[in-house]
Amino acid sequence: MTVRFLRWFTIGALLLVLSIATSPVLAAKRVALVIGNNDYDHKSLPDLNNAWKDASDMAAKLKGLGFEVILKLNASEREMNRSIGVFSGRLSGGDTGLVFYAGHGIQSDGRNYLI
């Protein structure tokens with residue numbers, strides 16, 4: 001075998017390995033839970049202007065990156081808990097999970113809470 005043949009064979013083998021390794025079929029599933037809460041019934045919390053937009057923009061970007069997106073806007077506590085259950089149910093070992101939240105949050109006694 002000539003050096004030229006070995007060089008082209010090596011390049012071809014590398015391209016084949018790269019195409020297989022980056023194939024979406026072999027990639028782990030990617031699931032995202034995206035929540036945007038603008039409106040709040042509680043009088044001590046002001047409504048927000050951009051949480052919906054931020055969440056919607058993030059959901060669109062994640063869909064473009066191949067994520068299965070669960071999008072919730074103005075989700076109640078019950079809806080958020082249900083969505084977390086659906087989100088975790090769609091993940092299995094080796095999958096990628098991402099959570100994005102736009103809205104009010106607080107910290108109390110060193111613990112963080114989404115509102």
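**Close-up views of a predicted model**

**View 1. N38 sits in the loop between β1 and α2 (51–64).** Helices (H or I, at least four residues) and strands (E, at least two) are DSSP runs, numbered from the N terminus. This is a predicted model: local features need pLDDT of at least 70, side-chain atom pairs count only at pLDDT 80 or more, and totals for chains, interfaces and linings use all residues. Residues are numbered from 1 along each chain as its sequence is written, and side-chain values use heavy atoms, with hydrogens and water left out. Not counting residues up to four places away in sequence, N38 contacts D47, L48, N49, N50, A51, W52 and N74; contact means heavy atoms within 4.5 Å.

**View 2. G36 belongs to strand β1 (residues 30–36).** G36 is buried, with a relative accessible area of 0%. Beyond its neighbours within four places in sequence, its contacts include A51, W52, K72 and A102. The C-alpha atoms of G36 and H104 are 9.6 Å apart, across 68 residues of chain.

**View 3. Three strands make an open, parallel sheet in the order β2-β1-β3.** Strands pair if DSSP finds at least two bridges between them. β2 (68–73) and β3 (96–102) are at the edges; each has a single partner strand, so one side of each lacks a neighbour in the sheet. β1 and β2 pair over six bridges. A32 stands opposite V69 in β2.

**View 4. Helix α3 (residues 77–89) lies across β1, β2 and β3.** Its direction is at about 170° to β1. Axes are lines fitted to C-alpha atoms, for helices over the stretch in contact, and angles run from 0 to 180 degrees between N-to-C directions.

Conventions
Buried means under 20% relative accessible area, exposed over 50%, partly exposed in between (1.4 Å probe, protein chains only).
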